[in-house]
Amino acid sequence: MSELKIGLIGNGSISECHLSAYQANPKVKLWAISDLNEQRAQETAKKYGIPHVYTDYHDLLANAEVDAVSICTWNNTHAEISIAALEAGKDVLCEKPLCKTVDEALRIEEAVQRTGRLLQVGYVRRHASNIGVLKKFIDAGDLGEIYYAKASIIRRLGNPGGWFADKERSGGGPLIDIGVHVIDLCWYLMGRPKVKSVSGNTYNKLGNRSHIENFSFYQAADYDASLNTVEDMANALVRFENGASLMVDVSFSLHAKMNSAHVNIYGDKGGAEIEPALSIVTEKHNTIINIEPQISEPGFNFQEAFDNEINHFVDACLGLIETNSPVEDGVEMIKILNAIYQSAEEGREIHFE
Ligand SMILES: NC(=O)c1ccc[n+]([C@@H]2O[C@H](COP(=O)([O-])OP(=O)(O)OC[C@H]3O[C@@H](n4cnc5c(N)ncnc54)[C@H](O)[C@@H]3O)[C@@H](O)[C@H]2O)c1
């Protein structure tokens, strides 16, 4: 079995999930790391025994021994770094969202086609083991035609600050940061239907609530609460050409009693609740049945899903499988997210051709 040499670009909070997953995979060697913060990268290199450390990602890409890279930087750098990596002959795992704008997404897609390299979008929720179980039920037709999905991730206090809260670098707030996960998951399970129109709303009412005490939450590596130009919350209705629809709401700040996560899909033969734990609903002999799959991880286990995602990427790089999250799925999601922001700004429904 050939050994894949991995470079990691962007050594902040989420990179730890990538690094530990690569370290546990016997088919790869962590070979290079790059971060703007040299001390951070040096410390990580020491911890994981990574031989090459760079502050400029171009130098990492110039290392001919690196076969593939994980990109874990701010969203506004994903397009530039992905394209440079593909052109340097590397396969790419790019964290979600693929990028900020549709123009960037199309340029990345063009680079994938031109170079013939692989780009996998970091849709980690697709790799949760409960999704693997549910996908078997869906593919076998047990849910029938899925015509409605409903996704909600509510954080009452959860603006990660730093670049996440700077629209220039992030592209937006909870919609592009956490909405992308659940909109993608529903869209993927619905069979990737073509989008017809979107209608969305965004609100900037509460700010980042950084005055709240005694409550911890996910923070960027360089947490800074002084700048916040992103929405507190967003909701949207997405219509698909096959008649299916998706309702979503997400927040960083909201006067909600509890944080919550719900992702439900509904078909004409059965439905499924994915968050907080997988259950499947159907009927048999004129009786409604709730099926509770007996699996080790009925909910979303963060590190387990990252391990699966990285293992999937590695096998795709080695040509053993085709990735389930190709660049096209990144492009489609950026189109949806940007249309939701446009709809909110213009106060009207946006129609796709
Ligand atoms: N899949 C998930 O569940 C998940 C969770 C959190 C974050 N993310 C995504 O991961 C990415 C990083 O998020 P994070 O929470 O780790 O942020 P972070 O702020 O903690 O880390 C980002 C790191 O990137 C570095 N960086 C920025 N530009 C760089 C460049 N040009 N070259 C090298 N390094 C650079 C910064 O110095 C920082 O160390 C984002 O795209 C985010 O959306 C995904």
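His285 lies in the loop between β13 and β14, in a model that is predicted rather than determined by experiment. Local features are reported at pLDDT of at least 70 and side-chain atom pairs count only at pLDDT 80 or more, whereas totals for chains, interfaces and linings use all residues. Residues are numbered from 1 along each chain as its sequence is written. Helices (H or I, at least four residues) and strands (E, at least two) are DSSP runs, numbered from the N terminus.

- The phi of His285 is positive, near 50°, in a residue other than glycine.
- His285 counts as exposed because it has 5 C-beta neighbours inside 10 Å; a residue is exposed if 12 or fewer other C-beta atoms lie within 10 Å of its own, buried if 20 or more do, and partly exposed in between, with C-beta atoms placed from the backbone.
- Asn286 lies in the loop between β13 and β14, and has a positive phi of about 65° although it is not a glycine.
- Asn286 has 5 C-beta neighbours inside 10 Å and therefore counts as exposed.

**The annotated domain and its sheet**

- An unreviewed UniProt entry lists residues 135–350 as "domain: Gfo/Idh/MocA-like oxidoreductase C-terminal"; UniProt positions follow the numbering used here, feature names are shortened, and annotations may be inferred rather than shown by experiment.
- Over residues 135–350 the chain is 28% helix and 27% strand, with 30 Å between the end C-alpha atoms.
- Nine strands form an open sheet with mixed pairing, in the order β14-β13-β12-β11-β7-β10-β9-β8-β15; two strands pair if DSSP finds at least two bridges between them.
- At the edges are β14 (287–291) and β15 (350–351), each of which pairs on one side only.
- Helix α10 (residues 327–346) packs on the sheet, where it touches β8 (195–203), β9 (233–240) and β15; contact requires C-beta atoms, placed from the backbone, to lie within 7 Å.
- The direction of α10 makes about 55° with that of β8; axes are lines fitted to C-alpha atoms, for helices over the stretch in contact, and angles run from 0 to 180 degrees between N-to-C directions.
- Strands β11 (residues 260–267) and β12 (residues 271–275) are antiparallel and share four bridges, and Tyr266 has Gly271 in β12 as its bridge partner.

**Nonpolar cores**

- The largest nonpolar core has 101 residues; such a core is a set of buried Ala, Val, Leu, Ile, Met, Phe, Trp, Tyr and Cys residues joined through C-beta atoms within 7 Å.
- Helix α8 (residues 174–189) gives the largest share of this core, 10 residues.
- This core lies between domain 1 (4–124) and domain 2 (126–308 + 332–351), because both give residues to it; the domain bounds come from an automatic or database domain assignment.
- Another core, of six residues, lies apart from it and includes Trp74, Phe164, Ala165 and Ala220.

**Helix α4**

- Seven of the 10 residues of helix α4 (residues 78–87) are buried, so the helix is largely enclosed by the rest of the structure.
- The buried residues of α4 pack against β1 (4–9), α3 (57–62), β4 (68–71), β5 (91–95), α5 (102–115) and β6 (119–122).
- Gly89 follows α4 and has a positive phi, near 85°.

**Cis peptide bonds**

- Lys96 and Pro97 are joined by a cis peptide bond with omega about -15°, and Pro97 is found in the loop between β5 and α5.
- The peptide bond from Glu275 to Pro276 is cis, with omega near 0°, and Pro276 is found in the loop between β12 and β13 (279–284).

Definitions and conventions:
Contact = placed C-beta atoms within 7 Å.
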